[in-house]
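Here's a quick briefing to read alongside the model. Have the sequence and the 3D view open as you go.

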Amino acid sequence: MKTDEHGLAIGACSRTALEHYDNAIHELLHFRPEVDAEAKRALEADPDFLLGNVLSAYLELLSTEPDNARAAAERFRRFRSRVDGSGLLPRERAHVAALERLLEGDFPGCGRLLGKISEEYPRDVLALFVGHQIDYFTGDARALRDRVGGALTAWSETDRHFGPLLGMYAFGLEEAGHYDRSEEVGLRAVELDPKDVWAIHAVVHTYEMQGRFRRGIAYMDERVTDWSTGTFFNVHAWWHYALYALEAGDADRALEIYDAVLQGPDSTGTAMELLDAAALLWRLFLEGDDQTARWNALADAWASKAREPFYAFNDMHAVMSFVGAGRFSDADRLIADREAYLAAPLPDVTNQAMTARVGLPICRALVAFGRGDHTTAVDLLAPIRHHVNEFGGSHAQRDAMQKTLLEAALRSGRLDLARVLVSERISVRPSSPFNWLKYADVAEALGDAATATTARSHAAKLRRP
């Protein structure tokens, strides 16, 4: 019986296939594109290698691209039709069950089944990694923390992948609000594995959520060779750098990053890259910065990606792009399509619930905001602001929606709400210049010129090197 590097039986397969599978897992943990080639080599060596087929399908599904999901479903269907499942080992059957839930669009169901695998096999890296991504896609901060935390005692620092495991745990800690512990764990993960971009990303999130933009810039500069190239995650890392630049008041630097990386010559056009681009431009849009040419190019890229419902979090960013480009007919068309999508209940399809509870209200609000109907934008966003996590993403990513609500409250004259929102932000991130500038805007709207002047002065002080 062949076993993986942790001594877990994974079923009959060729030694060559097993070696490529282990290589693929290593590359996956480091978000390197070589994972695709290694996964392909594993199946070339043994087309009926079950976990190789499972891994291949997971990779397609985690892209959040509907075409990839369809291709994965068809390939796995063909694989299952030719393989006798009666001899599968328990862990193999469990992975098949989890994958089938994901193929059906049931994200939480997949996550629960992967959790059961992790209970019995806490050193199954694939179950931990995919489960961690599922928790991210569903915005489940507790699970992001505890899924990995519950496996840690089965590992030691001498294990090859202990560093990336700590990196995942650091991100879960950050999303659950344990910023000091997250920074500690994330820095240790990077110390163990300097190329662990997910761990670097977790530390960067920690600084973002505390408003420590100067420290964030310095940290990213210190490790720029470790995170900036060679992975399919470097675009998102550069997005974080651009957020720090905006906080520092350097919009020109943020746009340099946009043009060089987010929508640069090497951009792949994947949904995950497009949403980072939209999220950056939208923050500028909220401040009245017209980027019509960039928006139009981005809207063109989103047009083919947003033709059908698959992941509501992506829909929000597509609508941002349409609104930013002034292409309201495209935004209205997407919204109408999603409304039709909700007409036939699909109780096991997570995206449908995401669309109904969060995705559609946000998309409608973005369109209202773009058309200058800020009252409607507030009416749509305020009721969902405490459960917006349900359609996935991180706190930093979802902050675009929170900033939209704040700006809409200011522009619609809902000043009591605007005061509450900015007070919440300052109380959590008192070192954020953006928060103090918005406090100044609220104070000015309320007729308190002295407080507005003091707040702007404080924001300028925070931005000084």
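Let's start with Glu407: leaving out residues up to four places away in sequence, Glu407 touches Leu286, Glu287, Phe369 and Lys438, where contact means heavy atoms within 4.5 Å. Keep in mind that this is a predicted model, where local features need pLDDT of at least 70 and side-chain atom pairs count only at pLDDT 80 or more, while totals for chains, interfaces and linings use all residues. Residues are numbered from 1 along each chain as its sequence is written, and side-chain values use heavy atoms, with hydrogens and water left out.

**Around Glu407**
- Glu407 sits in helix H22; helices here are DSSP runs (H or I, at least four residues), numbered from the N terminus.
- Is Glu407 buried or exposed? Glu407 has a relative accessible area of 9%, so it's buried (under 20% is buried, over 50% exposed, and in between partly exposed, with a 1.4 Å probe and protein chains only).
- The side chains of Glu407 and Lys438 are joined by a polar contact of 2.7 Å. That term means a pair of N or O atoms within 3.5 Å; within protein, one must be able to donate a hydrogen and the other to accept it, and residues adjacent in sequence count only if both atoms are side-chain atoms.
- Lys438 also forms a salt bridge with Glu287, and their closest N and O atoms are 3.3 Å apart. For a salt bridge, a side-chain nitrogen of Lys or Arg must be within 4 Å of a carboxyl oxygen of Asp or Glu.

- The chain is divided into domain 1 (269-412) and domain 2 (415-463), with bounds that come from an automatic or database domain assignment.
- Taken over C-alpha atoms, the domain centres are 26 Å apart.
- Twelve residues of domain 1 are in contact with 13 residues of domain 2.
- About 1,000 Å² is buried between domain 1 and domain 2, and carbon and sulfur atoms give 66% of that. Buried area is the accessible area (1.4 Å probe) that two parts lose on being put together, summed over both.
- On the domain 1 side, Arg385, Leu406 and Leu410 lose the most area to domain 2, together 51% of what that side buries.
- Five salt bridges are counted between domain 1 and domain 2.
- Helix H22 (residues 395-411) gives the largest share of the domain 1 side that touches domain 2, namely eight residues.

**Cysteines**
- Cys110 is buried, because its relative accessibility is 0%.
- Cys363 is buried too, at 2% relative accessible area.
- How many disulfides are there? The count is zero, using a cut-off of cysteine sulfur atoms within 2.5 Å.

Definitions and conventions. Helix = DSSP H or I, 4+ residues; strand = E, 2+ residues; numbered from the N terminus.
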